[in-house]
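Student: I would like to learn how to read a structure like this one. Please start with the surface and work towards the strands.

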Amino acid sequence: LLYISGKPFKKAEIGADDEATLKEYAERTYAYFSSLGDKDLPCDNVQIFPPNGKSKTTSPTNIGYALLARVCAAELDIISPLRASSDISVLISDCEKLKKWNGHLYNWYDVATKTPVNPYFVSSVDSGNFIAALIVVKEFCAAKGFQDIAVRCEKLIDETDFSALTDKSKNRLYIGYNVGAKRYEGHYDILASEARLTAYIACCLSGDGALWGSLSRIQVNSFGNVLASWSGTAFEYLMPQLFLPDVEGSLVTASAKRAVKTFIKSSCNGLWGISESGYYAFDGNAHYQYKAHGLSVLSLRNADDRCGISPYSSAMAIPYAPEKSIENLKKLRECGAYGDMGFYEAIDFSAGKNTVSSHMTHHQGMLLCALTNALSGDVIRKYFTADEKMRGGEIMLEEPESKLSTVKRKRKDFVYDRKEGGYSY
């Protein structure tokens with residue numbers, strides 16, 4: 001791979017009025033995490049209407065974002081660093097006791113009993129999300145003088161073996177491991193995906209960049225060359241960038257910028273921001289349904305292009321289009337997608353205008369981290385790269401845009417091979 005000079009990403013300034021607005025959003029979003037309590041593990045979601053309340057399960061990603069919420073709240077002076085460390089210590093104690101597989105948390109736990117939920121599965125990206133959170137928390141605690149907690153976070157990180165989730169014959173991460181069936185399932189092989197963060201972490205921990213190099217760099221055209229994603233969601237392009245620094249002129253950053261332009265262009269009823277989220281359809285227990293809504297123009301498959309607008313998508317887009325992202329969040333608030341605990345999950349315009357009145361811990365956490373980065377000079381990214389091993393991999397992020405070797409084919413030319421867990425064409 002070729003590399004560029006690592007020029008810092010140019011971020012637009014946010015005005016004082018907008019800062020005050022974003023701070024209010026952050027305070028309300030943190031109220032969601034405060035409402036979850038500390039006796040049980042943080043639940044996956046809370047459904048406001050129909051009033052189904054708290055879910056009974058959680059994931060490593062949810063636990064990770066509950067930890068990060070304390071860092072965000074302390075950095076924004078919503079709570080004190082001492083209070084943050086106390087809450088973090090309680091959650092870390094739970095994590096230390098949870099049953100694991102090769103150091104990895106299972107994909108689902110019962111929030112009350114704190115035991116794994118059958119079928120027993122270990123998810124690579126969920127584990128990567130959790131470790132990313134631990135890295136940030138570790139550095140936050142070390143910076144604030146809470147060394148004991150930092151050491152406990154470090155121990156959990158060190159005990160997590162990503163080689164156990166790596167197919168060394170292909171240099172790819174498995175999607176996960178089915179513990180009950182004793183088999184690995186599929187592979188992650190796209191750079192523009194949530195697996196980017198996990199692959200980066202695994203490479204930095206091992207000192208081997210093979211996983212990163214093996215990720216597909218297939219590109220499509222939208223405002224220029226853009227890395228193709230599987231589902232065409234904001235989540236795939238922007239979630240890893242909550243932690244990974246942007247580099248001006250790099251392949252990943254250029255793709256993020258152009259993907260955001262594409263999301264803005266594909267507005268619906270004057271609003272934009274399509275990603276995986278809940279939508280206005282229900283199962284037999286009146287729970288909202290959930291799927292990855294995306295744009296076909298960015299996707300390797302025919303995405304559904306459903307008109308479901310998720311506020312967390314706009315928050316994550318702030319580094320790339322600050323004025324339009326903040327304006328979109330204001331419009332979402334005016335449309336009723338805002339409550340006592342921050343933004344609701346989504347507004348679904350596919351059949352009228354319906355608010356998906358729930359909060360997902362994962363999405364609330366991403367929204368809060370995005371707001372904190374915007375208000376505090378990318379502090380989540382700075383804590384992540386304060387870790388010596390994570391900082392050591394930054395050259396991977398300097399890979400420049402590809403202008404000559406871009407592969408452009410119609411989506412029908414790509415076939416997903418389930419047996420091999422990758423794409424053929």
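Tutor: The protein exposes about 17,100 Å² (Shrake-Rupley method, 1.4 Å probe; for residues, only the protein chains shown count as cover), and carbon and sulfur atoms supply 49% of that area. This is a predicted model, where local features need pLDDT of at least 70, side-chain atom pairs count only at pLDDT 80 or more, and totals for chains, interfaces and linings use all residues. Residues are numbered from 1 along each chain as its sequence is written, and side-chain values use heavy atoms, with hydrogens and water left out.

Student: What share of the 425 residues is buried?

Tutor: Buried means under 20% relative accessible area, exposed over 50%, and partly exposed in between (1.4 Å probe, protein chains only). Here buried residues make up 59% of the 425.

Student: How many helices and strands are there?

Tutor: Helices (H or I, at least four residues) and strands (E, at least two) are DSSP runs, numbered from the N terminus. The protein has 14 helices and 22 strands.

Student: How do strands pair in a sheet?

Tutor: Strands of a sheet pair through backbone hydrogen bonds, either parallel or antiparallel. Two strands count as paired if DSSP finds at least two bridges between them. In this model, three strands form an open antiparallel sheet in the order S2-S1-S20. Strand S2 (53-54) and strand S20 (358-360) are at the edges with a single partner strand each, so one side of each has no neighbour in the sheet.

Student: Which residue stands opposite Gly53 in S2?

Tutor: Gln47 does. Strand S1 (residues 45-47) pairs with S2 in the antiparallel sense over two bridges.
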